[in-house]
Amino acid sequence: MKVTVDQEKCCGAGQCVLIAPEVFDQRDEDGIVVLLDAAPPAALHGDVRESAEVCPTAAIEVAGEE
């Protein structure tokens, strides 16, 4: 799995951080997403996919199979 984020699209909702804090964080100054792990371990793939699905601006892109 490869994860990318588009910080330009991010609105700072923070759902990704709540679902997968090992993979996503937010900048302190504006809440924009920060990608912590572009290639998370298999155990986190479900959480990462859920994060991408609930992102209100589709700022998270997931490629590859589990």
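The following questions and answers concern a predicted model of a protein chain.

Visitor: Which pattern of helices and strands does the protein chain follow along the sequence?
Guide: The protein chain contains two helices and four strands. Taken in sequence order, these elements give the pattern β-α-β-β-α-β.

Visitor: What is the radius of gyration of the protein chain, and what does the globule rule give for 66 residues?
Guide: Along the principal axes, the C-alpha atoms fill a box of roughly 30 × 20 × 15 Å. The globule rule gives 11 Å for 66 residues, and the chain comes close to this, so it is as compact as a globular protein of that length. The radius of gyration of the protein chain is 11 Å.

Visitor: What percentage of the contacts with a separation of 6 or more joins residues 24 or more positions apart?
Guide: A contact requires heavy atoms within 4.5 Å. Among the contacts in the protein chain with a separation of 6 or more, the share from residues 24 or more positions apart is 52%.

Visitor: Why do the buried residues of α2 lie on the same side of the helix?
Guide: Helix α2 spans residues 45–54, and its buried residues are His45, Val48, Ser51 and Ala52. They lie on the same side of α2 because the arc they cover around the axis is only 120 degrees. In general, an α-helix has 3.6 residues a turn, so residues three or four places apart point the same way. The elements that cover these buried residues include β1, α1, β2 and β4.

Visitor: Is Val62 buried or partly exposed?
Guide: Val62 is found in strand β4. A residue counts as buried under 20% relative accessible area. The relative accessible area of Val62 is 22%, so Val62 is partly exposed.

Visitor: Which residues is Val62 in contact with, apart from its neighbours within four places in sequence?
Guide: Met1 is 61 residues from Val62 along the chain, yet their C-alpha atoms are separated by 6.8 Å. With neighbours within four places left aside, the residues in contact with Val62 are Met1, Lys2, Val48, Arg49 and Ala52.

Visitor: How far apart are the mean positions of the positive and negative charges of the protein chain?
Guide: The protein chain has 4 positive and 14 negative charges. The separation between their mean positions is 7 Å.

Key:
Residues are numbered from 1 along each chain as its sequence is written. This is a predicted model: local features need pLDDT of at least 70, side-chain atom pairs count only at pLDDT 80 or more; totals for chains, interfaces and linings use all residues. Side-chain values use heavy atoms; hydrogens and water are left out. Buried means under 20% relative accessible area, exposed over 50%, partly exposed in between (1.4 Å probe, protein chains only). The arc is that of the directions from the helix axis to the C-beta atoms. The radius of gyration is taken over C-alpha atoms; the globule rule is 2.2 Å times the number of residues to the power 0.38. Lys and Arg count as positive and Asp and Glu as negative; His and the chain ends are not counted. The place of a charge is taken as NZ of Lys, CZ of Arg, CG of Asp or CD of Glu.
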